[in-house]
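Welcome, and thanks for taking a look at this one with us. Please open the sequence and the model side by side before reading on.

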Amino acid sequence: MEQKLEFAFRQTMPAQPLHFDESKCVGCHACMEACMIDVMTPGEEGHPPVVSFPDECWYCGCCVMECQTGAITLRHPLMNQTRWVEKASLKKE
Amino acid sequence: MTTTPWPYPSQTDRTHRLSADVVVLGGGIAGCMAAIAAARKGQSVILVDKGAVKRSGAGGSGCDHWESAATNPCSRVTPEELTQAMLDDNDGYNNAISHYIECREGWDRLLDIEEMGGKIRDDQDEFSGAAFRDEESKLLFAYDYRNRFTLRIWGTTFKPAMLNECRRLGVTIVERVMVTSLLTEGGQCGARCIGATGLHTRTGAFYVFTGKAIVMALSRPARIWLFSSAHPGLCEFRPLSCIGDGHAMGWRAGAEFTMMEKSVRAQFSSAGRSFPPYSTGNNHNTWYAATLIDATGREIPYADRDGNLLSRVEERYLPAKGQHYFLKGGSIEQAKYEFEGPETLPYEQLNAQGYRLPFYADLSTLPELERKAIWGFMVGQEGKTQVPVYQHFTRAGFDPTRHVLQCYGVGWTSAEFLPQERQLFGLPGGFMNDWNLMTNLPGLFVCGDALFASNCYGHAAATGSYAGRKAAAYAQSASLLSADEAQVCQERARVYAPLTADPQNGVSWKELNEAIAKAMQNYCGEIKRDELLQSGVELLSRYEREVVPEAYAANPHELTRLLEVFDILTVAQLILQSCLKRRETCPKLEFYRTDAPCGAPAPFIVIRNDNGVVRTRTVPLDYAGDLRDNYEKHNADYLSELEEKRRGTKA
């Protein structure tokens, strides 16, 4: 079915390091306070902080270590996702 | 341009003034240990940190091994032997004093940290019976299992324990404040250091700290040659905010530096070129001594220093026949024959023998406890590995008994790098120090990565504690001086200028950092020549003159990043000046001139800024003198306290 799609401007993101599960986040902002780079700024009460400076993340994972409800997932940029294989799949000579 | 309002109240109209006996700049490993040592001496202490102390600094997220703890009860190497080896291995271009402190006191600091609540022993008996475990003390060792001077540790527990200890001792902790400059007596360049200024990274409030003694515990420089505006956080191995502010403010204040002409081809991160450290297959550091296999699953042999192939995994952890001990670790890439440990065969040899890229790390054939020590323990306790690597890979289904991890490059590196992609790594330059870890500026003590030829966690902790107690001793007989108001006013004006610059014309921190990095790759790459270096000096001084005064920042966070890049610009100029002053090629400093041959071993070149004039002096490589004698002469109090404590423990 044909549909008229709406457009908008947005900032193109080279990477999005942090993902919050809103159903688990209690909005305590302990992650924000643990981050030494201060990549987050306060969000609305009861909600996750805003990841205002995602490109400055150095992927240490301390925000995840600090989160008591397991609400945060840290994701490396696609180019930095390391490859591994089943050893059995390597072709013997 | 975003119109979202800044979430914190502006306090650029406020100046907070704080004083204490000892002011510690930087709350990483070295800074925390300095604050703790000074507070234990009964001094009032302020600890200033750009982030939040619990997890800040290069070691805040963790650490998996502690090198050179030569006085631990299982060690078969003395501090004197180990320090001498580090000196010999680098032809003397190393910090004999700081590394002797590391070797001599590292174990004392581990015991300290254990008392604070850090975990240093396998008290759950997870590794009972392992070749790397001492059954009595339950300590775990890495690398050389016979000589046992490097320990495996649970480093993720350390930084929170240090924070608690700082709190317990009543240290005044000031977080989210970037230190921007050193204050000197009468505001004079080269005079006694009496304090520092700071900027709150959220509110923009200004800080003036004064103390009887100041401890410099800020990081080593970074992002001098490497920058990515898309991934600035991935430019270097250490955190984005650790870029050498201390070196820059020290240079401006007239402090002496040495070995600043040394840089090495990048090894980690490199503007996103490499993969996350310790996430790829290799057999280095955390991964020592993992088995490597080639693209067809064929095992790559390990050999001893004489080229004898080692058939059993256990042999990878033992010195060669007739060898006392071997060196491996953070600052040792290719040890000299005397200290060379087991290693996989070099790529050229492997290629000739038909081994095929890519290679993989294969933990599946290691003895179970060796596999568990690497995957789960060390990859899990090392900085940046618990969540991003161990937890992540495990959730995605990685099973070390079945899967193999790709190596990028032809050995233990996680990428191939270009010669002009350089870093301050592998014992880089830094502040010059004496036996009290004091700089040439009276009252300014230095530790951790701020020191020249710094390396790892144990070095940071040991020198931090040492600098803290020396600063405390100095403070006991020094007076508290007021800040020179003209110096404070000038710094406040410098710090705030970018907030009122023209947003349309003023460059951002990213544009400036990228320009500096490109300039340094062009004019201060692997090859050095006077004309090249001089062109770099001209370009960077033009940036200083024309670009810096117009640079723009929209808020205190961005301002922090911009002030960091101003510091990077200062350090880049310090590096160029240091390169110009070294007249001969010096391979151990990875310093290669094509306009001058390799000279005879030359002394340290010590460099400082004297009100805008660059001054140098030379210092013999053996300026530390007899290590044991000098250490004991300077630390009689510490040694008697240690003896008393030992007697108390025995009783």
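Which residue in strand 17 of chain B is the bridge partner of B:A361? The partner is B:L405, and the sections below place that pair in its surroundings.

## The model and its confidence

What you have here is a predicted model. It carries an ipTM of 0.96 and a pTM of 0.97. For chain B, the average pLDDT is 95, and 98% of the residues score at least 70.

## Chain B as a whole

Chain B contains 16 helices and 24 strands. The chain is divided into domain 1 (15–220 + 429–486), domain 2 (285–406) and domain 3 (502–619). Between domain 2 of chain B and domain 3 of chain B, the C-alpha centres are 37 Å apart.

On overall dimensions, the C-alpha trace of chain B spans about 70 × 60 × 55 Å along its principal axes. The radius of gyration of chain B is 24 Å, which agrees with the value near 26 Å that a compact globule of 651 residues would have.

## Where the chains meet

The contact draws 35 residues from chain A and 39 residues from chain B. On the side of chain A that touches chain B, helix 1 (30–34), helix 2 (62–66) and strand 5 (84–86) each contribute at least two residues. By residue type, that side of chain A is made up of 20 nonpolar, five polar and ten charged residues.

An open sheet is formed by four strands in the order 5(A)-17(B)-16(B)-12(B), with antiparallel pairing. Strand 5 of chain A and strand 12 (291–293) of chain B are the edge strands; each has a single partner strand, so one side of each is left without a neighbour in the sheet. From one strand to the next, the twist averages 35 degrees.

How many bridges join strand 5 of chain A to strand 17 of chain B? Three bridges link strand 5 of chain A with strand 17 (residues 403–406) of chain B, in the antiparallel sense.

Within chain B, strand 16 (residues 360–362) pairs with strand 17 in the antiparallel sense over two bridges. The opening pair belongs to this part of the picture: B:A361 has B:L405 of strand 17 as its bridge partner.

How values were computed
Residues are numbered from 1 along each chain as its sequence is written. Chains are lettered from A and ligands numbered from 1 in the order in which they are written. This is a predicted model: local features need pLDDT of at least 70, side-chain atom pairs count only at pLDDT 80 or more; totals for chains, interfaces and linings use all residues. Two residues are in contact if their C-beta atoms, placed from the backbone, lie within 7 Å. Ala, Val, Leu, Ile, Met, Phe, Trp, Tyr, Cys and Pro count as nonpolar, Asp, Glu, Lys and Arg as charged, and the others, Gly among them, as polar. Two strands pair if DSSP finds at least two bridges between them. Axes are lines fitted to C-alpha atoms, for helices over the stretch in contact, and angles run from 0 to 180 degrees between N-to-C directions. pLDDT is the predictor's confidence in each residue, from 0 to 100. Domain bounds come from an automatic or database domain assignment. The radius of gyration is taken over C-alpha atoms; the globule rule is 2.2 Å times the number of residues to the power 0.38.
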